[in-house]
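Here are a few exercises to work through with the viewer open. Try each task yourself before reading its solution.

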Amino acid sequence: MGSPAVKKEVPVPHPLEDLVRMERIPHIWCSGCGTGSVFTACLTAMKNTGINYDDFAMVSGIGCSGRGAGYINIDSFHTTHGRAIPFATGIKMARPETNVIVFSGDGDLFAIGGNHFIHAARRNMDITVICVNNFIYGMTGGQAAATTPHEAKSSTSMGGNPESPFNLPLLAYAAGATYVARWTMLHSRDLADSIEEAINHKGFSFVEALSPCPINYGRRNKQKPLDTLREYHANTIIKNNADPGELGIDFKQKVILGKFVDIEKPSHDEQYHRLYHETSTKS
Amino acid sequence: MKPAVDTGKHFINGDIACAEGAIAAGCLFFGGYPITPATEVAEHMSERLPHVGGTYIQMEDEIAAMTSILGGAWTGKKTMTATSGPGFSLMMETVGLAIVTETPCVVVNVQRGGPSTGLPTQGAQADMMQAKWGSHGDYEIIALAPSSPQEMFDLTITAFNLSEKYRTPVFIMSDEIVGHMSEKVVIPKKEAIKTISRIQPRGKKNNFHPFKPGPNGVAPMPSIGQGYKVHVTGLTHDEKGYPVMSVDTQAEMMERLLGKIRNNLDDIIMTDQYLLDDADIVIVSYGVSSRTSYTAVDMAREQGIKAGLLRLITVWPFPDRLIKELALRVKGFITVEINMGQISREVERCAGYKAPSYLAGHPGGAVVPPEQVISIMKEAF
């Protein structure tokens, strides 16, 4: 056997390269983290809508997935902890033609930012909120979150989490969201299709993407990276239009994925325009 | 439908005059949250903005109100919010985001007695240091102090102009008394009102640097949708807007943020000086307290005391140089303000050992009577 032939590598541009700030790569996400897969699904969805990239804006809060706004090559805003949604609301109401995507994590959106989430949903604010739910505060080293499963270990609940997590689709639905779906990062096509639908949906759309944090959640809960993915595969079922009340996450039972809510209802900017701009030009 | 500039003579309160000033300045987005005694600003904006094609939204709290006006500002619009003490406290973290992302916006604080819920329906000037230092980290801020409904109109326009010119949040530090006081307000013709809008970038959109200062130290600011693909972050960032966690980048960014204010003090600092030329004793005051201070100067002069008034229209940045110069030639200073010693400490700092500095303060809920100023004056000098 002679020496192996040296293959000359021809760099093939990544199909999403035009949407990524390539000069900022490599990203900060750890090996085994699912945020990159959710981010890829989001970019794929944006591309598939065919909407001009200049008519998008991405807003993130603080945390691992909050760094998403720093890698996407569109007008993008990395704001304060928990405040991505009110920032996005300001953009949407001041320039309604913008397609505003909030890309952030469970800690950011549902603990410190929970109040903003329910009110944006109530208003049917025409923005798309993508939550990378890794059940933990990853960036700060694995503290218990509003999504951490009951009895799960975290750096602030080494004896098991005494609290119970939010059922995020139920919360979104109850607050008034008009599009609600849940996937895992493993269901990358379904996730991308769902995000595309959410972007095209007029009104408040919410997509929860379950995503592993092997470093700060898996390690303490005896879950190797591949175990988590296996669970996403084996212990989930797709049940569109499932009752949001049944969507609590317990991997000992089957975790339900799918699209649960898709309602047509005028969005906040449409209502405001009808009640204020159309009437004020008449009077 | 009323025009943006409602030219004519009006009998309105300070809060409404502030809202009219905002509309005249070209404000098109207001994120509000009700709070006494600033609510009338939000109410009037909600009524007036649709007339000029603008948008009002009532947010779920003051954090959201403040954050929404930053999002609105990046669409290219002039934006504003209004609040009082408790809401001002909630806004503080986002004020830091506005500063570091160089986002122009105007924040009105119609001050009331504090701490905490305090005296919701009675005036105070006790948030003056919070205006300077309330958000974490080091920064320069611009804060103006109107003393009448007319100035609520005029200085709101000035606040927008300064915020657009320097790409920074500007505070209007009013108070319950000025906010709720009704007086004659003259709104001039549209042509007579000078408004400034941010400098927009021109030329190539690829690899644009939204934080690279222009000749006046301020970077041109693109808007969402123009194709500049900006990245804006609260992290320490370079001129491109990208986060860089380095000592050098931090130093460069801080120099840029502080420099654009500190190098333009003559343009930003406004004062009114009353009988100051030959004064031995200088009363320093601002906002509603300056109204009783004019009376105090007159009373002192009647009694043969050579008093004069330095009224701060711009409170932040502070007129250090002016106070330092005065300290070399006057007997001393008395600061009149509705708090237990805030701006008086700044006066003391600038006067140093050259001239003594006293406070004619008030715990909140009423103005400092001119008699109190005279008695402190007589006792001290």
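**Exercise 1.** How many salt bridges are there between chain A and chain B?

*Solution.* Keep in mind that we're working with a predicted model. Start by applying the cut-off: a Lys or Arg side-chain nitrogen has to come within 4 Å of a carboxyl oxygen of Asp or Glu. Between chain A and chain B, that gives 2 salt bridges.

**Exercise 2.** Describe the contact between the two chains, going from its overall extent down to the elements of chain A.

*Solution.* Count residues to begin with: chain A puts in 40 and chain B puts in 40. Next comes the area. Interface size is often quoted as the accessible area lost when the parts come together. Here about 3400 Å² is buried between chain A and chain B, and carbon and sulfur atoms give 58% of that.

Then look at polar contacts: 24 residue pairs link chain A and chain B this way, both partners being at pLDDT 80 or more. On the chain A side, the elements giving two or more residues are helices H2 (68-71), H3 (84-94), H5 (114-123) and H10 (268-282), along with strand S2 (75-78). H3(A) gives the most, with 7 residues. Finally, sort that side of chain A by class, and you get 13 nonpolar, 18 polar and 9 charged residues.

**Exercise 3.** In which sense do S2(A) and strand S10 of chain B pair?

*Solution.* Line up S2(A) with S10(B), residues 231-233: they pair in the parallel sense over 3 bridges. To find your place in the pairing, pick His78(A), whose bridge partner in S10(B) is Thr233(B).

**Exercise 4.** Classify the ring pair Trp29(A) and Tyr71(A), then say what it ties together.

*Solution.* A pair of aromatic rings is described by two values, the distance of the centres and the angle of the planes. For Trp29(A) and Tyr71(A) these are 5.2 Å and 75°. Planes over 60 degrees apart count as edge-to-face, and that's the class of this pair. Now place the residues: Trp29(A) sits in the segment before helix H1 (35-49) of chain A and Tyr71(A) in helix H2 of chain A, so the pair ties together parts 42 residues apart in sequence. Over all chains, the count is 18 aromatic pairs.

**Exercise 5.** Where in chain A do the salt-bridge partners Arg230(A) and Asp227(A) lie?

*Solution.* Their closest N and O atoms are 3.3 Å apart. The structure holds 28 salt bridges over all chains.

Note on methods: Residues numbered from 1 in each chain as written. Chains lettered and ligands numbered in written order. Predicted model: local features only at pLDDT ≥ 70, side-chain atom pairs only at ≥ 80, totals over all residues. Heavy atoms only, no water. Contact = heavy atoms within 4.5 Å. Buried area = accessible area lost by both parts, 1.4 Å probe. Polar contact = N/O pair within 3.5 Å; in protein donor to acceptor, adjacent residues only side chain to side chain. Helix = DSSP H or I, 4+ residues; strand = E, 2+ residues; numbered from the N terminus. Nonpolar A, V, L, I, M, F, W, Y, C, P; charged D, E, K, R; others polar. Pairing = 2+ DSSP bridges. Phe/Tyr/Trp six-rings, centres within 6.5 Å; stacked < 30°, edge-to-face > 60°.
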